[in-house]
Amino acid sequence: MRRKDREVTGLAELTDILDRCTTLRLGLSRDGSPYIVPVSFGWEIQNGILVLYFHSAGAGEKHRLLSQNDQVTVEADIFHRYEDLTARYESFMGRGQVSLLSGPEKIHALEQLNLHCGFSDYPVESCGDLSRTAVYRITVTECTGKRSLG
């Protein structure tokens, strides 16, 4: 990173940024070209490792690409304002490995997603037929952030 004074590396600071982000962008590979898709997400720390969760339909382009390549890049950001021809922002970037969840892990992931999205009391079991919903975990293998607050 060119501007080391703006780099965010501490896990507590990175998760603070994630906590305030509303959308996670997944960077996938489609026939050698980038494919980026925004998703709602949840997160937690498991055994000292950052884990992200998101859900999707159990079919479609995203599902197909994830079944072909389990390596993803992720990005989330908070835009604060423009100031003197520059932007004030905070961002999170990372890489990780995706796995499709089932059973109790799937329910737990959906609970974490609901928690992050502000629906901590919403009973996941009342969501209807969860068999049509694919739920994924990203085990983050590397991450960093950047902050320009002025």
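1. Which residues of helix H2 are buried? This note starts there. The structure is a predicted model, in which local features need pLDDT of at least 70 and side-chain atom pairs count only at pLDDT 80 or more, while totals for chains, interfaces and linings use all residues. Residues are numbered from 1 along each chain as its sequence is written, and side-chain values use heavy atoms, with hydrogens and water left out.

2. Helix H2 spans residues 61-68, and its buried residues are Lys62, Leu65 and Leu66. Because these residues cover an arc of only 100° around the axis, they sit on the same side of H2. The arc is taken from the directions that lead from the helix axis to the C-beta atoms. Ser67 and Gln68, on the other side of H2, are exposed. Buried means under 20% relative accessible area, exposed over 50%, and partly exposed in between (1.4 Å probe, protein chains only). Helices (H or I, at least four residues) and strands (E, at least two) are DSSP runs, numbered from the N terminus.

3. What do the buried residues of H2 pack against? Their partners are strands E2 (24-30), E3 (33-39), E5 (49-57), E6 (71-83), E7 (86-100) and E8 (133-148). Contact here means heavy atoms within 4.5 Å.

4. Strands E2 and E3 run antiparallel and are joined by 7 bridges; two strands pair if DSSP finds at least two bridges between them. Arginine 30 has serine 33 in E3 as its bridge partner. The hairpin of E2 and E3 has 2 residues between the strands, and aspartate 31 takes a positive phi near 50° there.

5. Arginine 30 also forms a salt bridge with glutamate 61 through their side chains (3.5 Å, N to O). A salt bridge is a side-chain nitrogen of Lys or Arg within 4 Å of a carboxyl oxygen of Asp or Glu. Arginine 30 is in strand E2 and glutamate 61 in helix H2, so the pair ties together parts that are 31 residues apart in sequence. Both residues are partly exposed, arginine 30 at 34% relative accessibility and glutamate 61 with a relative accessible area of 26%.

6. How many salt bridges does the count come to? The count is 11. One of them joins the side chains of arginine 25 and aspartate 77 (3.3 Å, N to O). This pair links distant parts of the chain, with arginine 25 in strand E2 and aspartate 77 in strand E6, 52 residues apart. Another salt bridge is that of glutamate 83 with arginine 81, whose closest N and O atoms are 3.0 Å apart. Salt bridges that share partners also join Glu13, Asp16, Arg20, Glu90 and Arg147 into one network.

7. The whole structure holds 2 aromatic pairs. Phenylalanine 54 and tyrosine 136 have ring centres 4.9 Å apart and planes at 15°, so this pair is stacked. The pair links distant parts of the chain, from phenylalanine 54 in strand E5 to tyrosine 136 in strand E8, 82 residues apart. Rings of Phe, Tyr and Trp (its six-membered ring) pair if their centres lie within 6.5 Å; planes under 30 degrees apart count as stacked, over 60 as edge-to-face and the rest as tilted. Phenylalanine 54 is buried at a relative accessible area of 0%, and tyrosine 136 is buried at 3% relative accessibility.

8. Is lysine 106 buried or exposed? At 12% relative accessibility, lysine 106 counts as buried. Lysine 106 belongs to helix H3 (residues 103-116). Not counting residues up to four places away in sequence, lysine 106 touches Leu101, Leu130, Ser131, Thr133 and Val135.
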